[in-house]
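Trainee: I have not looked at this structure before. Can you take me through it step by step?

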Amino acid sequence: MRIVIIILVLTGTFLSCKKEKELVSSKDMVEVYLLKSVQLVSGKCEVEKGETESSPLIANEDILGYSPGEHRFRIKDTAAGKVKALKDGAPFAVSVNGRVIYYGFFKPGYSSSSCFHSITMELPFEGKVFLRLGYPGTIEGVTVADLRNHPELIAALSAQGKLD
C-alpha cells in the first residue's frame, strides 16, 4: 500500500511540474528575432516595418533575466554566441507572444556608423546584452520611442520570474 501511495505522489508531482512548464511556454513568451525583410523610414536608421525570421535569435528559454533599470537582458551563452556573430546594423525585433513590441539594430561598440533613431543592441558582455537609445548615443533634437520597458514586455517577464 505504501508503494502505491509513493507512486501516486511522485506521479502527481511530475504531472504538476509539466503543467506549470506548459503554462509558461503557451503564454508570456519574450523572444528576439532577426528580420528577413525590412522597410526603413526614409533618411533614418529606423525600421518602419519588418518581417521576422521563422525562428528566434534569442528564444524565451534563452532569456535568464531582464533589468528594467539597466535595459539589459541576461542570456544563455549559446544565445550570446549567436548575437556575437551578427553583422553591424542587423535589424531585430523584440516580441511578446508573437507580437512585435519594438524594432532595433545590432550595433557593436566598435561600429564606425551611427544609428541615432532606434533602439540598439550591443555585443553581449558576460552574458548580458544592453539595449540603448541610439548609437553611439542620443543627440539633441532626435527622440527615440523608448519601448524597452513596454508594459507587455515587463508583464511577460515578471510572470516568468525573470525580472532582475
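Mentor: A definition to start: helices (H or I, at least four residues) and strands (E, at least two) are DSSP runs, numbered from the N terminus. Two strands pair if DSSP finds at least two bridges between them. The model is predicted, so local features need pLDDT of at least 70 and side-chain atom pairs count only at pLDDT 80 or more, while totals for chains, interfaces and linings use all residues. Residues are numbered from 1 along each chain as its sequence is written, and side-chain values use heavy atoms, with hydrogens and water left out.

Trainee: OK. What is the order of the strands in the sheet?

Mentor: The order is 2-1-5-6-7-8-4-3, in an open sheet of eight strands with mixed pairing. Strand 2 and strand 3 (63-67) are the edge strands, each pairing on one side only. From one strand to the next the twist averages 40°; angles run from 0 to 180 degrees between N-to-C directions, and axes are lines fitted to C-alpha atoms, for helices over the stretch in contact.

Trainee: What does pairing go through, in general?

Mentor: Backbone hydrogen bonds pair the strands of a sheet, either parallel or antiparallel.

Trainee: How many bridges join strand 7 to strand 8?

Mentor: Four, between strand 7 (residues 115-121) and strand 8, and the two run antiparallel. Met 121 stands opposite Leu 131 in strand 8. The hairpin of these two strands has six residues between them, and there Glu 126 takes a positive phi near 55°.

Trainee: And which strand does strand 4 run antiparallel to?

Mentor: Strand 4 (residues 72-75) runs antiparallel to strand 8 (residues 128-135), with three bridges joining them. Arg 72 stands opposite Phe 130 in strand 8. Elsewhere, strand 1 and strand 2 pair in the antiparallel sense over five bridges, and Val 38 stands opposite Gly 50 in strand 2.

Trainee: Where do the helices go? Which strands does helix 2 lie across?

Mentor: Helix 2 lies across strand 4, strand 6 and strand 7, and runs at about 120° to strand 4. Helix 3 packs on the sheet, touching strand 1, strand 3, strand 4, strand 5 and strand 6. The direction of helix 3 makes about 60° with that of strand 5. Contact here means heavy atoms within 4.5 Å.

Trainee: Changing topic. How many salt bridges does a search of the whole structure find?

Mentor: Eight. A salt bridge is a side-chain nitrogen of Lys or Arg within 4 Å of a carboxyl oxygen of Asp or Glu. One of them joins Arg 72 to Asp 164, with the closest N and O atoms 3.1 Å apart. Arg 72 lies in strand 4 and Asp 164 in the segment after helix 3 (151-159), so the pair ties together parts that are 92 residues apart in sequence.

Trainee: Is that pair on its own, or in a network? Which residues are linked?

Mentor: In a network of salt bridges, which links Glu 70, Arg 72, Arg 74 and Asp 164.

Trainee: Arg 72 again: buried or exposed?

Mentor: Arg 72 counts as buried, at 8% relative accessibility. Asp 164, at 43%, counts as partly exposed. Buried means under 20% relative accessible area, exposed over 50%, and partly exposed in between (1.4 Å probe, protein chains only).

Trainee: Which residue does Asp 88 form a salt bridge with?

Mentor: Lys 107, with the closest N and O atoms 2.8 Å apart. Asp 88 is in the loop between helix 2 (77-84) and strand 5 (91-96), and Lys 107 in the loop between strand 6 (99-106) and strand 7, 19 residues apart. Asp 88 is partly exposed, with 34% relative accessible area, whereas Lys 107 is buried at 3%.

Trainee: Now disulfides. Which cysteines form one?

Mentor: Cys 45 and Cys 115, with their sulfur atoms 1.9 Å apart. The cut-off for a disulfide is a pair of cysteine sulfur atoms within 2.5 Å, and a search of the whole structure finds one. Cys 45 is in the loop between strand 1 (30-40) and strand 2 (47-52), Cys 115 is in strand 7, and they are 70 residues apart.

Trainee: Why is it called left-handed?

Mentor: Because the torsion about the S-S bond of Cys 45 and Cys 115 is about -85°. Cys 115 is buried, with a relative accessible area of 1%.
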